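Dear colleague,

I am passing on the structure below, and my notes on it follow directly after. Please read them with the model open beside you.

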Amino acid sequence: MLPVQKRVIEMHNEHHMQMTLSASPWLAVPFIIVLSLYVWAAFRSRRRKAWPASRTALWIAGVLCSLAAVMGPVAQKAHTDFVAHMTVHLLLGMLAPLFLALAAPMTLFLRTLPVQQARLLSRLLQSRPLLFITNPAAALVLNIGGLWLLYTTSLYTLMQENVLAHVFVHLHVFLAGYVFTASILCIDPAPFRRRFRFRAAVLLLALAGHSILSKFLYAHPPAGVSSIQAEAGSMLMYYGGDAVDLVLVIFLCSQWFHAARPRKAARPTTTLS
Amino acid sequence: MNDQSRNIRGSSNFSARNLWSGFLFGVGFVAFFDEAVFHQLLHWHHFYDQSTTSAGLVSDGFFHAFSWFATVGGLFLFADLRRRQELVRKKWLGGILLGAGVFQLYDGVIQHKVMRLHQIRYVENVWLYDLVWNISAVLMIIVGAVLATRAKKGDRDA
């Protein structure tokens, strides 16, 4: 390798380091804000009826997963290492959203806020744009479609070079993951609670889309990713995605199991003899 | 209470649910067995085969997704049958064998051979493996069908 080339690569790496330093604090800020808001609300809400500690623990776990994805050693390594990148993707787009959705933040805020503000929040949740993206089918397209765009176009390279693209992609991965998970689990109150079969079908499509993309990446690495890294990264994506989605499937089916339980009181005709 | 609700709803409903619960669990179980034994333990199957068609990739993705749903959903249906005391074990077992056989036959003929997803094992006489694979699938289907059709409502577990 020519000394000039070497120097160019070194400069390139320095550039990466600087960019990471400048981007990660900004990505960590929203997570720290929502963590404080939730803990404050849970604490305040205690006056009326205690908010379950398990939900607070889930929220903290979700924020910690997100923080591990945007700052610290894994996030640093993700700029040059596809396996680390995939770890970030799984933490930020799948595991953190699962924990956060299970923590039922909207339920907590709606019951903690003063009536006026709670109404405002619930009106916001029913606004057209939010109604649209919280439909599981739309959330599916934003989530899995976004991943296909990221890995099959030059967006992946752009994300590594441009700070704004980097921040945008990470926020999108997180928000799309959260909205999707929340729309499938339906733990928080929603204007429309979609039928079980519809949510199951959408989750099935998401699981399939995720595993097809992982196997596709095994053979077609994004630009600048070596085939060894692509193979390890895609297998992590495949099996890691499976693990999180399996939890979602279990929660969804247990909702059906609960809703379909035989009820005596609801059947007045049982006096038939 | 249970006798009454049974009379009203009619058992045919739950007879089908017995078969479905078993069928789904059978599909899921074979898919899990395939992944655990042939992919992870024996390393006979490959994660990706260069000769895979794109239809094969899509089919594999959907079956992979469906198999998780089938395993979990089949077991929840099983739990539902038990809490209603509507479980007909013979029918359920027949369903398992049917589901397992149908999936294994699809995997062995369509996915391995037509879509060339991956071979059972990367050896010269792979046809021998294919033969054993598909014959065992057909046997499971036959035994499953016999069990499921012979099961009667009277076989219901208490």
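Read along the sequence, chain A runs α-α-α-α-α-α-α-α-α-α-α-α, and its secondary structure amounts to twelve helices and zero strands, where helices (H or I, at least four residues) and strands (E, at least two) are DSSP runs numbered from the N terminus. The model is a predicted one, in which local features need pLDDT of at least 70 and side-chain atom pairs count only at pLDDT 80 or more, while totals for chains, interfaces and linings use all residues. Residues are numbered from 1 along each chain as its sequence is written, and chains are lettered from A and ligands numbered from 1 in the order in which they are written.

Of the 273 residues of chain A, 36% count as buried; a residue is buried if 20 or more other C-beta atoms, placed from the backbone, lie within 10 Å of its own, exposed if 12 or fewer, and partly exposed in between. Among the contacts in chain A with a separation of 6 or more, 76% join residues 24 or more positions apart, a contact being two residues whose C-beta atoms, placed from the backbone, lie within 7 Å.

A:Leu203, for its part, touches A:Ile184, A:Leu248, A:Val249 and A:Leu252, leaving aside residues up to four places away in sequence.

The packing of α4(A) against α12(A) comes next. Their axes lie 8 Å apart at an angle of about 10 degrees, with axes taken as lines fitted to C-alpha atoms, for helices over the stretch in contact, and angles running from 0 to 180 degrees between N-to-C directions. The two helices are therefore roughly parallel to each other, since angles under 35 degrees count as roughly parallel, over 145 as roughly antiparallel, 65 to 115 as roughly perpendicular and the rest as oblique. Among the residues that make the contact are A:Phe82, A:Leu90 and A:Leu98 of α4(A), and A:Gly233, A:Leu236 and A:Val244 of α12(A). Its residues divide into 14 nonpolar, six polar and no charged, where Ala, Val, Leu, Ile, Met, Phe, Trp, Tyr, Cys and Pro count as nonpolar, Asp, Glu, Lys and Arg as charged, and the others, Gly among them, as polar.

Two individual positions may be worth a look. A:Ala78, in the loop between α3 (73-77) and α4 (82-102) of chain A, is buried because 21 other C-beta atoms lie within 10 Å, and A:Ala78 touches A:Ala84, A:His85 and A:Val88, not counting residues up to four places away in sequence. A:Ser227, which lies in helix α12 of chain A, is exposed, with 11 other C-beta atoms within 10 Å.

Lastly, the contact between the chains takes 25 residues from chain A and 21 residues from chain B. On the side of chain A that touches chain B, α11 (196-219) and α12 (227-259) each supply at least two residues, and the largest share, ten residues, comes from α11(A). The residues of that side divide into 18 nonpolar, three polar and four charged.

With best wishes
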